[in-house]
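Reader: Could you take me through the sheet and the aromatic contacts in this model, with the cut-offs as we go?

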Amino acid sequence: MRGKATGEALACGPEETASESTDVPTTEPSGEVAAPKSTGEEQAPKPQEPAPQAPAPAASKPAPPSEDVPSAPLLLAVEDVSDGSVTVSWEPPERLGKLGLQGYVLELRRQGALEWVPVNSRPMMVTQQTVRNLALGDKFFIRVAAVSSAGAGPPAVLDQPVHIQRIIEAPKIRVPRHLRQTYVRQVGEMINLQIPFQGNPKPQASWTHNGHALDSQRVSVRTGDQDSILFIRSAQRSDSGCYELTVQLEGLEAKAAIDILVIDKPGSPSSIRLLDVWGCNAALEWTPPQDTGNTEILGYTVQKADKKTGQWFTVLERYHPTTCTISDLIVGNSYSFRVFSENRCGLSASAAVTKELAHIQKTDIVAKPKSFVERDFSEAPSFTQPLADHTSTPGYSTQLFCSVRASPKPRIIWMKNKMDIQGDPKYRALSEQGVCTLEIRKPSPFDSGVYTCKAINVLGEASVDCRLEVKASATH
């Protein structure tokens, strides 16, 4: 199969009067063909004059052999129908004929007529054609025949007539993304909604507010071919609600709902009272405002003012509960308190103020020392670190260590082989912070033996001992 070529034909109808000659179609560079015009009375198209040939009686002209003419085109179908044109396409025939294919001839026949009117006067090498300027409401039969130099082959005919009628595109509304959720504006701001829609021919658009017609004194609407604009110059809280756009066309309709919320600053809390005052603290309680400004309350702002200065200072911001405790108030001062409501538009224009003052009284401070029970740390001596056996070299001073815990401070006695060695200049005994030290100056083998450290106080005594061996180092 060859690739399809396209062509267009312009037609006002397949009819022509007997008094007017048939318009000769012309082929444009793009393949378009102008079909003959009609004046209302049907007439068969004027046949083309054959090329001069050898003289022979017309009645005795032989029919071309079947193998010389092409067969009927295949798969004739309507590609598109609009309110003034029709496009058809087909496939080349299976048999092109021995003499080759010269093109195709497309013909129309109005429903109820008998004559076929050619769209193109001479064959065109296209497999798709568009016939334009057809009358709305007309019905046509269409056929196409392949032509060779031997003549035209059998035509391919559409089974059903083509009805030229208006093409209706169902209406459709395209709501912008930011309008698919509640559209929030503040009182006094401008509302300008542009909602695009589709539909052919132009559909009829209408708006409603909460199911009722719009107030033309407050809301203006301008509808174009492709969109509808709703405009409110200065929004009021009464403008809140559901706005519905309806687009209608030939019994078809599309709807879109847009929720608009117009908000304002809230009212002040309904009431406030001072619950209690103690020390440097004051407890407050208030009730939520009756007017929330058409939106939720985000919290409350609590302020205090000293009676002396009268200046207000913020204590709490965006505080959600309706009770609070104000602390760190100055002794001797009197305070007033006020509470503002807050929503998305800001703080309320006014505040709820306490009627009575909170007096922070001066109180006498009396020192009440706690009774102190002295702890008894008395303890009998006990050694926390005993003496360790030690080996020393003659002529080199050595030391023995131990640690003792006792209260009151114990008396330390050092002994060698159960004999008290206090006062012997060869030994020096030290005791500091519970650490007991015995230094043996230049010991000799004679100083070897068992050394004992004894700690004694009024609560008892304790002792530890160790063995000291003084010997010369081995020689090799």
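This is a predicted model: local features need pLDDT of at least 70, side-chain atom pairs count only at pLDDT 80 or more; totals for chains, interfaces and linings use all residues.

Reader: In what order do the five strands of the open sheet run?

Author: The order is β13-β20-β19-β15-β16, with mixed pairing; strands are DSSP runs of E of at least two residues, numbered from the N terminus, and two of them pair if DSSP finds at least two bridges between them. β13 (183-186) and β16 (212-213) are the edge strands, each pairing on one side only.

Reader: And how do β15 and β19 pair?

Author: β15 (residues 204-209) and β19 (residues 241-249) are antiparallel over six bridges, and S206 stands opposite T246 in β19.

Reader: Switching to rings, how many aromatic pairs are there?

Author: There are five, counting Phe, Tyr and Trp rings (six-membered ring for Trp) with centres within 6.5 Å, where planes under 30 degrees apart are stacked, over 60 edge-to-face and the rest tilted. One of them, W90 with Y104, is edge-to-face at 5.5 Å centre to centre and 65° between the planes.

Reader: Is W90 buried or exposed?

Author: W90 is buried, at a relative accessible area of 0%, where buried means under 20%, exposed over 50% and partly exposed in between (1.4 Å probe, protein chains only). Y104 is also buried, at 0%.

Conventions
Residues are numbered from 1 along each chain as its sequence is written. Side-chain values use heavy atoms; hydrogens and water are left out. Helices (H or I, at least four residues) and strands (E, at least two) are DSSP runs, numbered from the N terminus.
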